[in-house]
Amino acid sequence: MSLKSSPPECRPNRRDALAALVIAAAALVIALSFYYDNAPAGSASVQVSVSVGGRVEDFSSLSRYAGVHTYSCNGYTLTVSCDGAEVQVVSSTCPGQDCVHTGAVSKAGQSIVCLPARIVIRLTGGAADLTVG
Ligand SMILES: [Zn+2]
């Protein structure tokens with residue numbers, strides 16, 4: 001393969017068009033990054049893991065988990081609500097109500113535990129914690 005003399009065509013118009021395209025693309029990336037900065041914190045990467053009686057019943061992203069879920073174990077029933085950004089136990093038949101009092105969780109690493117019902121709602125994020133049996 002020999003380097004043939006490539007025609008030294010320096011067309012300013014074409015270069016300007018390319019530069020404009022690059023600038024437009026960069027502007028789009030910046031605009032998108034601003035958009036995502038303003039989006040609900042970390043909702044895209046946080047995952048919900050719900051363990052009932054030691055078994056994982058639900059495992060999905062926070063946004064896909066949105067809705068109302070009920071879990072029953074050990075004679076108790078928990079009602080869990082998720083709006084796509086945070087999860088909380090809205091009602092429970094357990095005696096202590098600790099799970100209800102925990103309130104809403106939205107960040108990876110947070111969890112809601114109901115000891116009497118043996119239900120654990122855990123938020124995980126990224127590749128940090130994927131130890132799900
Ligand atoms: Zn509870």
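In strand β5, V80 finds its bridge partner in V89. That pair is a handy way into this predicted model, in which local features need pLDDT of at least 70, side-chain atom pairs count only at pLDDT 80 or more, and totals for chains, interfaces and linings use all residues. Residues are numbered from 1 along each chain as its sequence is written.

**The chain as a whole**

The chain holds 2 helices and 7 strands; here helices (H or I, at least four residues) and strands (E, at least two) are DSSP runs, numbered from the N terminus. Going along the sequence, the pattern reads α-β-β-β-β-β-α-β-β. Of the 133 residues, 20% count as buried, where buried means 20 or more other C-beta atoms within 10 Å of the residue's own, exposed means 12 or fewer, and partly exposed lies in between, with C-beta atoms placed from the backbone. Contacts, in turn, are pairs of residues whose C-beta atoms, placed from the backbone, lie within 7 Å. Among the contacts between residues at least 6 apart in sequence, 30% join residues at least 24 apart.

**The three-stranded sheet**

Strands of a sheet pair through backbone hydrogen bonds, either parallel or antiparallel. For this report, two strands pair if DSSP finds at least two bridges between them. The order β3-β4-β5 makes an open sheet of 3 strands with antiparallel pairing. Its edge strands are β3 and β5, each of which pairs on one side only. From one strand to the next, the twist averages 30°; the axes behind such angles are lines fitted to C-alpha atoms, for helices over the stretch in contact, and angles run from 0 to 180 degrees between N-to-C directions.

Between β3 (67–73) and β4 (76–82), the antiparallel pairing covers 7 bridges, and S72 stands opposite T77 in β4. The pairing of β4 with β5 is also antiparallel and covers 5 bridges; there S81 stands opposite Q88 in β5.

**The four-stranded sheet**

A second stop is an open sheet of 4 strands, ordered β2-β1-β7-β6 with antiparallel pairing. β2 and β6 are the edge strands, each pairing on one side only. The twist averages 15° from one strand to the next.

Strand β1 (residues 46–52) is largely enclosed by the rest of the structure, because 6 of its 7 residues are buried. 7 bridges join β1 to the antiparallel strand β7 (residues 119–125), and 6 bridges join β1 to β2 (residues 55–61), again antiparallel. S51 has a partner on each of these strands: V120 in β7 and V56 in β2. The neighbouring V50 has I121 as its bridge partner in β7.

**The nonpolar core**

A nonpolar core is a set of buried Ala, Val, Leu, Ile, Met, Phe, Trp, Tyr and Cys residues joined through C-beta atoms within 7 Å. The largest one has 20 residues, and V48, L78, V80, V87 and I121 touch the most other members. Two or more residues each come from β1, β4, β5 (87–92), β6 and β7.

**Turns and positive phi**

Most residues other than glycine have a negative phi, and most peptide bonds are trans.

| Hairpin | Residues between the strands | Residue with positive phi |
|---|---|---|
| β1 and β2 | 2 residues | G53, near 60° |
| β3 and β4 | 2 residues | N74, about 60° |
| β4 and β5 | 4 residues | G84, about 95° |

Is N74 buried or partly exposed? N74 counts as partly exposed, because it has 14 C-beta neighbours inside 10 Å.

R118 is not a glycine either, yet has a positive phi of about 55°. This residue sits in the loop between β6 (111–114) and β7. With 16 other C-beta atoms within 10 Å, R118 is partly exposed.

Technical notes:
Contact = placed C-beta atoms within 7 Å.
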